[in-house]
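Have the structure open while you read.

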Amino acid sequence: KHWISFSHMATDTTQFPFDRWVHCEQRVIKHSREQMNNIKHPQGLYSVRESICRLISLTRGVKCFPEQVVLGAGTHFLMQMFIRLLPENSTFSMEDPGYKRIYTFLKNEQVHVKTFGIDEKGASINDIRRLNPNIVYITPSHQFPTGRLMPIARRVQILNWAMESNHRYILEDDYDSEFKYESDTIPALQSLDTFEKVIYMGCFSKSLMPGLRVSYMILPQHLLYVFRKKYADFFQSCSVLTQLTLQEFIDSGEYQKHIKRMKQLYQERREMLIKTLEIHFGDQMTIEGANAGLHFRITFTTGRTTEHILKRAKEEKIELYSMNPFYLTNTESNQETSFILGFAKLPKEHIHEGVKRLYRAIYG
Ligand SMILES: Cc1ncc(COP(=O)(O)O)c(/C=N/[C@@H](CCC(=O)O)COc2ccccc2)c1O
């Protein structure tokens, strides 16, 4: 019996256009060999930053110049650089449930991290006001891990909060924002920012592959000034070959072609998965956060514990993750049997079998 994956952590590499990627890489090796010595710009190659700028202004409405783009080999690297741009003992805050790896990372960096709750609109502005932090780290496009979309009104409320004081910033992590179903994408929160309050963070991990390790942040001008003073001698962490191949992949139109194709494919998988779940589980389940991204949250009505279900899932050979690890401080998690269902690595022909195994794991 083969494994079936509901993982939210991986992309379907069988669908990646490796032949197109290699073609781009060969062009880079043919035309830009000399660039392979060019590691001195701490923000990454200018031409690559120009292409990313064009792309995110087109796809996400992000307003920026290439000068503001900072590349990094993963969100952690960017976060590590960012926190050092701020005054000592600035207080950080983030969503709970939220992206635990960053929470742990910040703790290890001895950063004061507080957590705020999320309601159906995402980050709770009341909690943020109560905490009164310097930095608010949020995932408005597809809240991680619940998948909630932050409506414009709540975005404006958080922006207004940030504008009330000098030492307040919003870190907008636009992770998993490339795919939106049933309605148009909501532009990035950064596109509403008029007071240099938002640091926009993005990556190519879900749109291409996590293993490429290319992520970026867009710094407001006054923080860019601090960055350039502090990191003048820093070497860029992304490989030059990957940077230039990515640029070629974007400039040649291959990137947009890939996104268009994957959106169609993910849309079909998502619809089929939801329909199959409804047939098998009926009102024994509730789904949320399915309107965007490559995973959604599902909660089952069952007397069984999450641990028991995870053990049974392994026995049924389905890769399944629970919501519990993402509850950073509050203990609400244990009451609910909530899981993250990813469909990026779930081919259509596995959906029926996967849902049947899931049903057995819970009610069998
Ligand atoms: C909110 C958010 N922002 C950024 C990132 C990652 O950005 P990057 O480093 O620039 O790629 C993640 C990764 N979230 C992680 C899933 C959540 C979790 O279970 O921890 C992805 O983790 C993996 C992906 C592929 C293979 C192995 C792990 C994020 O959940």
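1. Ground rules. This is a predicted model, where local features need pLDDT of at least 70 and side-chain atom pairs count only at pLDDT 80 or more, while totals for chains, interfaces and linings use all residues. Numbering runs from 1 along each chain as its sequence is written, and side-chain values use heavy atoms, with hydrogens and water left out.

2. The ligand's surroundings. 17 residues surround the ligand, the closest being Met-9, Arg-101, Ser-205, Arg-213 and Ser-215. To be near, a residue needs one of its heavy atoms within 4 Å of the molecule.

3. Arg-213 puts a polar side-chain atom 2.5 Å from a ligand oxygen, and Thr-75 has one 2.8 Å from an oxygen atom of the ligand.

4. H3 with H4. Helices here are DSSP runs (H or I, at least four residues), numbered from the N terminus. H3 (residues 75-83) and H4 (residues 100-108) have axes that come within 11 Å and cross at roughly 40°; axes are lines fitted to C-alpha atoms over the stretch in contact, with angles from 0 to 180 degrees between N-to-C directions. On the H3 side the contact (heavy atoms within 4.5 Å) uses Thr-75, His-76, Met-79, Gln-80 and Ile-83, and on the H4 side Arg-101, Ile-102, Phe-105 and Leu-106. By class that gives 5 nonpolar, 3 polar and 1 charged residues.

5. Where the ligand comes back in. Thr-75, in the H3 side of that contact, also has the 2.8 Å pairing with a ligand oxygen. Arg-101, on the H4 side, is listed among the closest residues to the ligand.

6. H2 with H8. H2 (residues 46-60) packs against H8 (residues 240-251) at about 40°, axes 9 Å apart, which makes the pair oblique. Among the H2 residues in contact are Val-48, Ile-52 and Leu-55, and H8 residues include Leu-244 and Ile-250. The contact divides into 5 nonpolar, 4 polar and 2 charged residues.

7. H10 with H11. The axes of H10 (residues 306-315) and H11 (residues 348-363) come within 8 Å and cross at roughly 135°, so this pair is oblique too. Ile-309, Arg-312 and Ala-313 of H10 meet Arg-360, Ala-361 and Ile-362 of H11, a set with 4 nonpolar, no polar and 2 charged residues.

Note on methods. Helices (H or I, at least four residues) and strands (E, at least two) are DSSP runs, numbered from the N terminus. Angles under 35 degrees count as roughly parallel, over 145 as roughly antiparallel, 65 to 115 as roughly perpendicular and the rest as oblique. Ala, Val, Leu, Ile, Met, Phe, Trp, Tyr, Cys and Pro count as nonpolar, Asp, Glu, Lys and Arg as charged, and the others, Gly among them, as polar. A polar contact is a pair of N or O atoms within 3.5 Å; within protein, one must be able to donate a hydrogen and the other to accept it, and residues adjacent in sequence count only if both atoms are side-chain atoms.
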